Amino acid sequence: MSTLARITASLMVGVAAGCLSLVAQAQTPVAAPTAASRVCPAILQHQFPRLQDETPQNLCQYAGKAVLVVNTASFCGYTGQYEGLEALYAKYQRRGLVVLGFPSNDFGEQEPGSSKEIADFCFNTYGVQFPMFAKTVVAGEARNPFYAALFKATGQAPKWNFHKYLLDRDGKVLGSYASKVAPDNATLLAAIEQALR
């Protein structure tokens, strides 16, 4: 066999091997990145019962979203903020914002009802669609672990109902907002826009 023939044969074997390798790679499934595969930040690694039926909900399902956390109450001067919170959720949900409501009886005993009573009130009075969780403790030494982490991150604890915390898509706490800061407050809206970038 001539030198030219040997080189040609060698090249053909190399090309065939390369083609087989490409075929094998094409047949190997590659997992597409999904929201569920996103690493869950430590601050969201908590579980709470859903308000409506007490089904356990892992907050990691909100990894990759901007999160507005609010402690709520049904009989408070700020209870009307439910309407603004639902409007925020409706406006920004498709862009990646989720509002999480945590009913609490910590302030003025203004959330005395059962989970069913709270759920019925939120839906029937304000049409609340954003995720709500079972009544919990958000202040003092007995605060739940999620609120303990929010307090640690900001140095600020809720002083009343409808205190708000804003987290970015990576779980970093961007700000803490007192009860009097309404959902349509310009400063809060600007922070939400920033968190959604």
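Let's start with a word we'll need: a residue is buried if its relative accessible area is under 20%, exposed if over 50%, and partly exposed in between, using a 1.4 Å probe and protein chains only. Helices (H or I, at least four residues) and strands (E, at least two) are DSSP runs, numbered from the N terminus.

This is a predicted model, where local features need pLDDT of at least 70 and side-chain atom pairs count only at pLDDT 80 or more, while totals for chains, interfaces and linings use all residues. Residues are numbered from 1 along each chain as its sequence is written, and side-chain values use heavy atoms, with hydrogens and water left out.

**Helix 3**

Which residues of helix 3 are buried? They are Ser115, Ile118, Ala119 and Cys122. Looking down the axis of helix 3, you'd find these buried residues within an arc of 100°, so they line one face of the helix. (The arc is that of the directions from the helix axis to the C-beta atoms.) An α-helix has 3.6 residues a turn, so residues three or four places apart point the same way. Over on the other side of helix 3, Lys116, Glu117 and Asn124 are exposed. The buried residues of helix 3 pack against helix 2 and strand 4, where contact means heavy atoms within 4.5 Å.

**Helix 2**

Helix 2 covers residues 81-92, and its end C-alpha atoms sit 16 Å apart, which agrees with the 16 Å that its 12 residues should span at 1.5 Å a residue. That expected span is 1.5 Å times one less than the number of residues. Its buried residues are Gln81, Tyr82, Leu85, Glu86, Leu88, Tyr89 and Tyr92. Seen down the axis of helix 2, they fall within an arc of 155°, so they line one face here too. Glu83, Ala90 and Lys91 are exposed on the other side of helix 2. What do the buried residues of helix 2 pack against? Strand 3, strand 4, helix 3, strand 5 and helix 5.

Four strands make an open sheet in the order 4-3-5-6, with mixed pairing; two strands pair if DSSP finds at least two bridges between them. Strand 4 (97-103) and strand 6 (173-177) are at the edges with a single partner strand each, so one side of each has no neighbour in the sheet. From one strand to the next, the twist averages 15°. Strand 5 (residues 164-167) and strand 6 run antiparallel and share four bridges, and Tyr165 has Ser176 in strand 6 as its bridge partner. Helix 5 (residues 186-195) packs on the sheet, touching strand 3 (66-72), strand 4, strand 5 and strand 6, and its direction makes about 25° with that of strand 5. Axes are lines fitted to C-alpha atoms, for helices over the stretch in contact, and angles run from 0 to 180 degrees between N-to-C directions.

**Salt bridges**

There are three salt bridges in the structure, each being a side-chain nitrogen of Lys or Arg within 4 Å of a carboxyl oxygen of Asp or Glu.

| Pair | Closest N to O |
|---|---|
| Asp53 and Arg50 | 2.8 Å |
| Arg95 and Glu193 | 2.9 Å |

Asp120 and Lys116 both lie in helix 3, four residues apart, or about one turn of the helix.
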